[in-house]
Amino acid sequence: MKIRTKLALRYTLATAAVVSVLIAVVLISSYRNRENEFYQLLESEAITKAHLFLNGNVDPETMHQIYLNNREFIHEVEVAVYDSELRLLYHEYHGERYRQGNPGNASQYSRR
């Protein structure tokens, strides 16, 4: 193999390796950034809804309307409010509204 071919091959491999590493760094940091942003937004929404519900300022019917209006901002996310003994007080579900005495516990909605 000629020296010229060897140099061209080495340069090509080195460039491909550097570009691959840079792409991997960008993809990983983008993934982490999206994940962090999602969970910050989710936590903010959960805190807001818990304050509204637990302070008694908003009834479950209005809470459900807020949920239906915000579905386009956070997709496939449901907020559940529990008391200190992990009894379900309020849960958002597509088309289903809060029912007083609705059985449930935190373990069935735990993050997997």
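Student: What makes glutamate 85 count as exposed?

Tutor: Its relative accessible area is 55%. Exposed means over 50%, buried under 20%, and partly exposed in between, with a 1.4 Å probe and protein chains only. At 55%, glutamate 85 is therefore exposed. This is a predicted model, in which local features need pLDDT of at least 70 and side-chain atom pairs count only at pLDDT 80 or more, while totals for chains, interfaces and linings use all residues. Residues are numbered from 1 along each chain as its sequence is written, and side-chain values use heavy atoms, with hydrogens and water left out.

Student: Why is the contact of arginine 87 with glutamate 85 called a salt bridge?

Tutor: The term needs a side-chain nitrogen of Lys or Arg within 4 Å of a carboxyl oxygen of Asp or Glu. Here the closest N and O atoms are 2.6 Å apart, so the pair qualifies. The structure holds one salt bridge. Arginine 87 has a relative accessible area of 47%, so this residue is partly exposed.

Student: How do you know that S1 and S2 pair?

Tutor: Strands (E, at least two residues) and helices (H or I, at least four) are DSSP runs, numbered from the N terminus. Two strands pair if DSSP finds at least two bridges between them. Strand S1 (residues 80–82) and strand S2 (residues 88–91) are joined by three bridges, so they pair. They run antiparallel, and tyrosine 82 stands opposite leucine 88 in S2.

Student: What is noted about leucine 86?

Tutor: Leucine 86 has a positive phi of about 60 degrees although it is not a glycine. Its place is in the loop between S1 and S2, a hairpin with five residues between the strands. With a relative accessible area of 48%, leucine 86 is partly exposed.

Student: Why is the pair of phenylalanine 38 and tyrosine 39 called edge-to-face?

Tutor: Rings of Phe, Tyr and Trp (its six-membered ring) pair if their centres lie within 6.5 Å; planes under 30 degrees apart count as stacked, over 60 as edge-to-face and the rest as tilted. By this rule the count is one aromatic pair. The two rings, of phenylalanine 38 and tyrosine 39, have centres 5.2 Å apart and planes at 75 degrees, so the pair is edge-to-face. Phenylalanine 38 is partly exposed at 34%, as is tyrosine 39 at 32%.

Student: Which residues of helix H2 are buried?

Tutor: In H2 (residues 60–70) they are Met63, His64 and Tyr67. They cover an arc of only 100 degrees around the axis, so they lie on the same side of H2. These buried residues pack against helix H1 (3–54) and S2, contact meaning heavy atoms within 4.5 Å.

Key. The arc is that of the directions from the helix axis to the C-beta atoms.
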